[in-house]
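Please open the structure in your viewer and keep the sequence at hand.

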Amino acid sequence: MFRNVHIINDLRQVLRDSVMASLLMAPALIIVVFKLLLVFLAPAVASRTGLDITPWYPWVLSFVLILNAGMLGVVTGFMMLDDKDGNIAELMAVTPLGRSGYLLNRLSFASVLSVFYTFLCYYVLGIVALNVFSVAVLSVLLAVYSASIGLLMFSGAENKVKGLTFSKALNLLILFAFADLFSLKWFTVISWFFPPYWISQIILNPFAFQVVVIAVAVHIGWLVLLIFHYFKTAE
Amino acid sequence: MRLWNAIKADMLFQFKQGFYFVYVFVAVMYLVMLSFLPEKIFLIATPLIVFSDPSVLGLFFIGGIILLEKGQGVLTVLVVSPLRTSEYIIAKVLSLGFISVLAATAITFFSGYQQVNWFVMVASAMLTSAVFTFSGIMINAGCSTVNQYLLKTIPWMLLLTLPCIALVGFPGSWVFTAVPSVAALRLMLGAYWGIGWVEALLLIVYLAGVNFLLLKWAVRIFENKIVFQE
């Protein structure tokens, strides 16, 4: 109940800030842009060049899902970096909310929105047939991914500029989702350790239980490591 | 001398913040991607990648740099230092442009792209980078957080990138060359696909002129809105 009140207050605060509210709406814009590209541009390219992109649809869905989750994570990361600059994070640590409460409040935004946008993206794009269970698993994993990106930025960057450098580097993680396309064994092996690879694997193999298990393990592993690092550096 | 020192200081700062390091990774990732593309798509994708990432990196980074320096009180010191505002801005534009040129050259060279007009490519990367960095400085006015800045860049990016579709070609599409980003992309594509020297020279002169006007505008906005916060 206590935390619900904080979450609702934070939500009100974010919605009052038009900038934050707009940024949190940005994934919706990306989904619309990709829908328009698929409806108008893809047939035009196919008729002009004969290039049929339908076999690539699972990769397109992976790209948009990871892009949105990553973006929400980056927005949260910058929000937390601003808190760091204003010593708000330190202030929160001595309130009843505590360090973990602060972390939960900040990261839950990106995560809750990631769940929502995963479902929205899947149904609006409508380019890959998945069962509801797979979409639900994807939404939870992408929520964890968002939180991990936010935490990575907060723990790794000491200022806004380093935050931008970090976000640039973190954007590159999306490439791991396409590791299988490159047919490079070493690249695929490296990709196994990164969440984006497993997002695309679930989309490609929605009925493979072992893929889901490994995906969950990799995502949770990253999150636990980052939370551990956060508390260690905060001490 | 003041300008040169400012450029050196900015480059050192950017190095310490990991700009060069991150662009090594960016370049490697793009090279891996490009190596898997069929020849026909590779020829189109290379100039588009060079234009869309290394050339516009200034817009992405300048917002954070100015906000950080504002927070650290650097801009307040700037007012009483011998360094002119224009020199401060030019140092930022040139130092970020240097990374753009370096990344663009590395991607092009190691991708094995044949018959590149290197002079036009370097000029295009530098001039494009300057256009976007100047835009970033102007967008920064009134921003107090990076999220605010990133949000404000969205309409500018749409305004600058959407007209580039005109390069696909339709009746009267040449009019869009007046948009600096379209002129810059035309020049960049010319560096890879071939371009007449008259057209290249006209585009370079045009973009240099646009950058001069943007510098004047950026100095005014920077002094009024960012330093003195009128």
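A residue is called exposed when its relative accessible area is over 50%, and buried when that area is under 20%. The model shown here is a predicted one.

**First stop: chain A**

Please select A:Ser183, which sits in the loop linking α8 (179-182) to α9 (185-191) of chain A. With a relative accessible area of 63%, A:Ser183 is exposed, because the cut-off for that term is over 50%. Its backbone also deserves attention: A:Ser183 has a positive phi of about 50°, although the residue is not a glycine.

**Second stop: a loop of chain B**

Next, select B:Gln115. Where in chain B does B:Gln115 lie? The residue belongs to the loop between α6 (85-111) and α7 (118-140). B:Gln115 is not a glycine, yet it has a positive phi of about 50°. The relative accessibility of B:Gln115 is 76%, so this residue counts as exposed.

Now move to B:Asp53, placed in the loop between α3 (39-52) and α4 (57-72) of chain B. Is B:Asp53 buried or exposed? B:Asp53 is buried, since its relative accessible area is 6% and the limit for that term is under 20%.

Then display the side chains of B:Asp53 and B:Tyr23, which are joined by a polar contact of 2.6 Å.

How values were computed:
Residues numbered from 1 in each chain as written. Chains lettered and ligands numbered in written order. Predicted model: local features only at pLDDT ≥ 70, side-chain atom pairs only at ≥ 80, totals over all residues. Heavy atoms only, no water. Helix = DSSP H or I, 4+ residues; strand = E, 2+ residues; numbered from the N terminus. Buried < 20%, exposed > 50% of the residue type's maximum accessible area, 1.4 Å probe, protein only. Polar contact = N/O pair within 3.5 Å; in protein donor to acceptor, adjacent residues only side chain to side chain.
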